[in-house]
Amino acid sequence: MRALFPMVAAMALTLPAMGVADMTLATDGNTECVITVAEDAITPEQTAAKELQAHLQQVTGAAFDIRQEGEVADTATQIVVGPGARFRKACPDVSPEDLKYDGIVMRTVDGNLYLAGDRPRGTLYAVYTFLEDVVGCRWWSSTESFVPDRPTLSIPELDTVYVPKLRCREAFYRDAFDGVFAARSKCNGHHDRVPPEYGGHYTITGWCHTFYRLLPPDKYFQQHPEWYSEINGKRVRERAQLCLTNEEMRKEFVKNALAWIRKEPHAGMISISQNDSHGRCQCQECMAVEADEGSASGPLIHFVNAVAEEIEKEFPDVLVETLAYSYTRQAPKHVKPRKNVVIRLCSIECSFSQPLATGPQNESFRRDIEQWSAIAPKLYIWNYVTNFRNYILPHPNMRVLAPNLRFFVEHNAVALFEQGDSGSTCGDFVELRAWLLSHLMWDPSRDENALIREFLSGYYGPAAEALEEYLNLIHDAVEEAGTYLRCYMNDTSAWLSTEDQIRASRLFEEAQRSVADDPVLSRRVRRARMSLDNAWLLRHRELKRVLKADPEGLFGFHDPKDLAEDFIQAAHEFNCPNYREGRPFSEYEQMLQARFRDPGPPPEMCKNLPEDRWVDVQDNEFTLHGTGRWATFAEDEKASDHGAARLTTNHTQWAVQFPVPADISQLGRLHCYAAVRCAARVEQGPALDLGIYDTDAKKAVFHATRTIEEMGEEYRVVDMGVHELRPTMYFWFAPKANPDQVEAIFVDRIFFIRED
């Protein structure tokens, strides 16, 4: 076990040492200092001067005038903002080329302060760096900040020239999209809504997954099926790609790509990238290139290079981005990306409980980035820092954020997209994560432990110590469990024990007591507790099975309905739009309300058995996929508790699932049963498939098909065999894509009888 960072107990913002000062900006709320800008200052530099003026007035109470350089005598005490004539005279050793990209200068020369940088954003970044690192201002979020009270403000001698290693930096969190906050955080990515007056941001034309958007099958497939993937000897358009060796297709593709760029020439980058599916082309020509290159990325890079060569003729400064993602993640053996091609390498399959550079669970990704960085001059990393299956759950990956970021920079990364909780306002410490990642992307050498300590102290006040201990607890837990922490986790059962969950609740109670008299801090702590509340709700039945008695009145144990309602109300107060990627919180609200309805009677087979011999799992513990399309929770008077998971029948997806929780996996050999019924339109035919799948072994533990004749309108118990279940397994149910024969499938419950 190790601490995430040193213990903290009180707010401790780091301010510069006030020894012999080189320059006094204000004395007792008055100033003789003037902010000057060049006559030819661009709009973001004018904004920088206004931001400096406003913040210095808040700090000191003094009114700082803004004037053009020609209006101010050389003998006046000045803060010179922007790379104008006075800056060039005072700092002749710094050229514009030295500051590419987004570089800054903070320098005191002859009693004046110079704040300047690369255009268009550098001067703003110099001002924000000065206000934060020297003056002591903090912007915790788009609406929450700290401004020190310093009527007398002196600054030490400064001489900083800094250019960030990452030219494009994006923390993909909902609050971080705010343009002013993004600028103050020195983020400039595609989704950051930074207005032009704050320097704007990088734009990628098309963003990603552009094959079908540039060559829509609806427009081209009928006349040119040969332009699309050949799979099993047939040209297809559904869940497929393009035939990357087809020269005629490439000509039309280039024409459409150039048309895109002409509409958005300022973007500077266009995405030429595979669809978000498998289905690569298996034609003879594509497979020959793939075989020669030893990877499916081979045909892709040959194609993208050819497209990039044509784009360069008209737009020599536009970069062409493509994804190394899923089946193209492995680098090719021979072909190298052109100088105007950027490889966007994606870490979606990785374990985020171990560092990418050293963790044994991430060996394959480590090999991939090393191979790509050896052949690609520019890497753009798409990193995953949240749990897409449920934003509002503890996700203990904070210890790897900084090491992973440094690993990216060491391997030619010039841009970084940290994909976080874009749809949630109350995920797992989202304010801390956005703030931390922004600071590390600007300067990867920063001490992440000191940054976390600073945020906890400044944002949560007296609650910081208990929250630090909580973060250490959950990070220790996932490391000790050896869990492969994916960015798609159903719940915390794989790594958070009952004892640790109880301890976590106690720590949050302690944190809340420490700020009980402060409504602002209390609200912040309550929002941080949302993820732990959600963990209780999702695992309540499991924990109840483990904790047969509750003498201490454990948090959330006796009154899950009340806890659910409190959680739902808080989510509304925090204006939480989504609970997972693309799914509204209203959907989750309905699921939680159904989860804690009164249980039905025991299964007939269990009525005369001792309580410890059987376990009942109702539908409200199931996981649904494609909610609203493939499956829903529905009222059903025929179900044991009048509720069931309902499968539509126009697909074959494993849309109803039950991941095996840790407590059930510890019960030994279990006889497994499922109660299912079929609302049929005909008397015979296939009804459904069901099974048990082991994700580690990548094989079926059980699989069966049941017919309409076997099922019927009433619930039938399906014997799924005797098994020793593990947490890597899950139960699944799927229809047969026959809506003309079956209206719906209903799954009421799964239950288990111990064989011992």
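Start with Arg-169: its bridge partner is Leu-416, over in E19. Keep in mind as you click around that this is a predicted model. Now widen the selection to E11 and strand E19 (residues 413-419), which pair in the parallel sense over 5 bridges.

Next, bring up the whole sheet. This one is open, with 7 strands in the order E11-E19-E18-E17-E16-E15-E12 and parallel pairing. Its edge strands are E11 (168-172) and E12 (203-205), each pairing on one side only. Ignoring direction, neighbouring strands here are turned by 25° against each other on average.

Then colour the buried residues of H7, among them Arg-250, Glu-252, Phe-253 and Ile-261. What covers them? Show strand E15 (268-271) and helix H9 (297-314), which are part of that cover, as are helices H5 (211-214) and H6 (217-220).

Now select helix H12, residues 430-442. Of its 13 residues, 13 are buried, so H12 is largely enclosed by the rest of the structure.

Last stop: the largest nonpolar core, with 186 residues. Ile-79, Phe-130, Ile-272 and Phe-429 have the most contacts inside it. Around Phe-429, look for its contacts, including Met-398, Leu-456, Tyr-460 and Phe-508. A second, separate core of 37 residues includes Phe-702 and Val-747.

Notes:
Residues numbered from 1 in each chain as written. Predicted model: local features only at pLDDT ≥ 70, side-chain atom pairs only at ≥ 80, totals over all residues. Heavy atoms only, no water. Core = buried A, V, L, I, M, F, W, Y, C linked by side-chain atoms within 4.5 Å. Buried < 20%, exposed > 50% of the residue type's maximum accessible area, 1.4 Å probe, protein only. Contact = heavy atoms within 4.5 Å. Helix = DSSP H or I, 4+ residues; strand = E, 2+ residues; numbered from the N terminus. Expected span 1.5 Å × (residues − 1). Pairing = 2+ DSSP bridges. Axes fitted to C-alpha atoms, helices over the stretch in contact; angles between N-to-C directions. Lists of a residue's contacts leave out its neighbours within four places in sequence.
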